[in-house]
Amino acid sequence: MVDVGFAVGVSHCLYGPYETPSKSLFETNTRHTLVIIEGNILKVFWSREGDAPERLLVSQVELSRPHWNNWQATEGAELLRPELSWKGVDMPVMSSLRGEMNSPFNELRDPYILSDVDGKEYFFYAGGGEQAIGIALLK
């Protein structure tokens with residue numbers, strides 16, 4: 001995996017005058033996103049405001065179509081949800097809200113992937129609202 005924050009240079013077809021997209025790839029309640037490009041696939045790791053509990057999802061966008069108005073994201077597939085105390089599983093299940101978390105909540109958010117020099121990949125995320133950091137070895 002290559003960890004990037006933008007898709008510039010994926011295809012020569014993306015260059016040219018800017019046109020406002022006719023639609024959004026994701027809902028307005030999408031937040032805490034991480035994007036990774038693998039070939040012609042854009043992987044989007046994200047959470048959704050209002051989910052109960054807020055959890056980490058992953059979607060994909062096929063980038064081979066030359067115009068972004070023709071791109072479509074897959075439905076978000078659940079990647080992780082709180083299942084341990086430090087992740088907030090003991091807290092009440094409620095719809096997530098925007099804003100800083102000053103106390104524990106039953107929520108996961110803020111995905112990030114770190115590729116180490118030895119080839120291992122680590123998936124980081126915030127647990128318990130924003131009270132803890134989880135790390136999972138991907139490869």
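Tryptophan 86 is partly exposed, at a relative accessible area of 36%; buried means under 20%, exposed over 50% and partly exposed in between, with a 1.4 Å probe and protein chains only. This is a predicted model, in which local features need pLDDT of at least 70 and side-chain atom pairs count only at pLDDT 80 or more, while totals for chains, interfaces and linings use all residues. Residues are numbered from 1 along each chain as its sequence is written, and side-chain values use heavy atoms, with hydrogens and water left out.

Rings of Phe, Tyr and Trp (its six-membered ring) pair if their centres lie within 6.5 Å; planes under 30 degrees apart count as stacked, over 60 as edge-to-face and the rest as tilted. The count comes to four aromatic pairs. Two of the pairs are tabulated here.

| Pair | Centre to centre | Angle between planes | Class |
|---|---|---|---|
| Phenylalanine 45 and phenylalanine 123 | 5.8 Å | 50° | tilted |
| Tryptophan 86 and tyrosine 125 | 6.1 Å | 25° | stacked |

Tryptophan 86 lies in the loop between strand E5 (77-80) and E6, and tyrosine 125 in strand E7, so their pair ties together parts that are 39 residues apart in sequence. Strands (E, at least two residues) are DSSP runs numbered from the N terminus. Tyrosine 125 is buried, with a relative accessible area of 5%. Phenylalanine 45 and phenylalanine 123 are both buried as well. Phe45, Trp86, Phe123 and Tyr125 form one aromatic cluster.

Strand E7 also belongs to an open sheet of three strands, ordered E6-E7-E8 with antiparallel pairing. Strands E6 (108-115) and E8 (132-137) stand at the edges with a single partner strand each, so one side of each has no neighbour in the sheet. Two strands pair if DSSP finds at least two bridges between them; E6 and E7 are joined by six. Tyrosine 112 stands opposite phenylalanine 124 in E7. Glutamate 121, in strand E7 (residues 121-127), counts as buried at 4% relative accessibility.

A nonpolar core is a set of buried Ala, Val, Leu, Ile, Met, Phe, Trp, Tyr and Cys residues joined through side-chain atoms within 4.5 Å. The largest such core has nine residues: Phe26, Ile37, Leu42, Val44, Trp46, Leu57, Val61, Leu63 and Trp71. Strands E3 (41-48) and E4 (56-62) each supply at least two of its residues, and the largest share, three residues, comes from E3. Apart from this core lies another, of eight residues, among them Leu34, Leu56, Phe123 and Tyr125.

Note on methods. Helix = DSSP H or I, 4+ residues; strand = E, 2+ residues; numbered from the N terminus.
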